[in-house]
Amino acid sequence: MSWDLYRYFLAVAETGSLSAAARQLSVSQPTVGRQIAELEKRVETRLFERASHGYLLTSAGQQIRARIERVSADLVGAEQQIRGMDKSLSGLIRVSATEGFGSYWLTPKLSEFQERHPNIRFELMLNISVVDLRRREADIALRLANPRVSDLVGRKVGQAGFGLYGAKAYFEKKGMPKTMADLIHHDFVGWQSGPGDFVLSSALEQLATPAQIKFRCNTVAAQIAAVSHGIGLFLVPHYLVPRDGRFIRLFPQEIGQKIDIWLLTHRDLVKAQRMRALLDFLYDKFQSDRKMFLGEG
């Protein structure tokens, strides 16, 4: 039996829905449905209960899930050990980051690293959702939190500060809020989707009601464009704010949270020379840009 069927099973078991599993696996929802149906046909057992709020594991599904996860971990571990033997500064490195970090900061740094080591190839995955390093969805991840997972090796490389900003075009139409209480009369730009614990989404919920969020999108670039055209205010990391004089920061004393930045990899990969070299290189770059990330330079 193809292992792919069990990959689809695990994705649905973890996410609870065909659509979420499809996004995780980068396939269509009907494809996931067909694979689950094929697996149930082969084992002659119903593995999921189809409910209005998602897919729930049956007792049979619950029994085999743990065994499948162990097999998956063994397969991934074997592959990671083989890759970890590579002592040359060559080969592929898959890096995961949020869109903001990846597009505006990380890509130029990877380009600089590649100039030094031209035999390194990169795949950069930009998504607000967290990839699973334990399953080799990426080799190195840049995250705004420490997941504290035993299989991962992490290093705190710095902090990113963020604040509330608006464009002059907005203030010309709506006026400048004088106090925090005035924000109830203003419009905001927010995220279209993302994990519920995403720090910027959670922080925005403390400032604005859903009705005040007049524009939602799923990329930083679109948010900056929306704010530039005066649609609303937004919470944004300082290093992403254009330095052309169009944007004004509001209430820096009241709104100035900092988020820890972590670089992570799997412990089976940390001895690979190309991984170690990239981790050390990025750490040094974060130290050089420390003030910029905190909005101090």
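Predicted model: local features only at pLDDT ≥ 70, side-chain atom pairs only at ≥ 80, totals over all residues.
**Exercise 1.** How many helices and strands does the protein chain have, and what share of the residues is buried?

*Solution.* The protein chain holds ten helices and eleven strands. Of its 297 residues, 45% are buried. The accessible surface is about 15,300 Å², and carbon and sulfur atoms account for 49% of that area.

**Exercise 2.** Classify the orientation of helix H5 relative to helix H9, and describe their contact.

*Solution.* 
1. Helix H5 spans residues 99–116 and helix H9 spans residues 273–288. Their axes lie 11 Å apart, at an angle of about 125°.
2. The roughly perpendicular class covers 65 to 115 degrees, and roughly antiparallel begins over 145. H5 and H9 are therefore oblique to each other.
3. The crossing of H5 and H9 is right-handed.
4. H5 contributes residues including Phe101, Trp105 and Phe113 to the contact, while those of H9 include Ala277, Phe281 and Phe286.
5. By class, the residues of this contact of H5 with H9 are ten nonpolar, no polar and five charged.

**Exercise 3.** Carry out the classification for helix H1 and helix H3.

*Solution.* 
1. Helix H1 (residues 3–15) packs on helix H3 (residues 29–43) at about 110°, with the axes 9 Å apart.
2. Because 65 to 115 degrees counts as roughly perpendicular, H1 is roughly perpendicular to H3.
3. H1 crosses H3 in a left-handed sense.
4. Among the residues that meet are Tyr6 and Phe9 in H1 and Ile36 and Leu39 in H3.
5. The contact of H1 with H3 comprises nine nonpolar, two polar and two charged residues.

Definitions and conventions:
Residues numbered from 1 in each chain as written. Heavy atoms only, no water. Helix = DSSP H or I, 4+ residues; strand = E, 2+ residues; numbered from the N terminus. Buried < 20%, exposed > 50% of the residue type's maximum accessible area, 1.4 Å probe, protein only. Areas by Shrake-Rupley, 256 points an atom, 1.4 Å probe, with all protein chains shown as cover. Axes fitted to C-alpha atoms, helices over the stretch in contact; angles between N-to-C directions. Parallel < 35°, antiparallel > 145°, perpendicular 65-115°, else oblique. Left-handed = near helix turned anticlockwise from the far one by under 90°. Contact = heavy atoms within 4.5 Å. Nonpolar A, V, L, I, M, F, W, Y, C, P; charged D, E, K, R; others polar.
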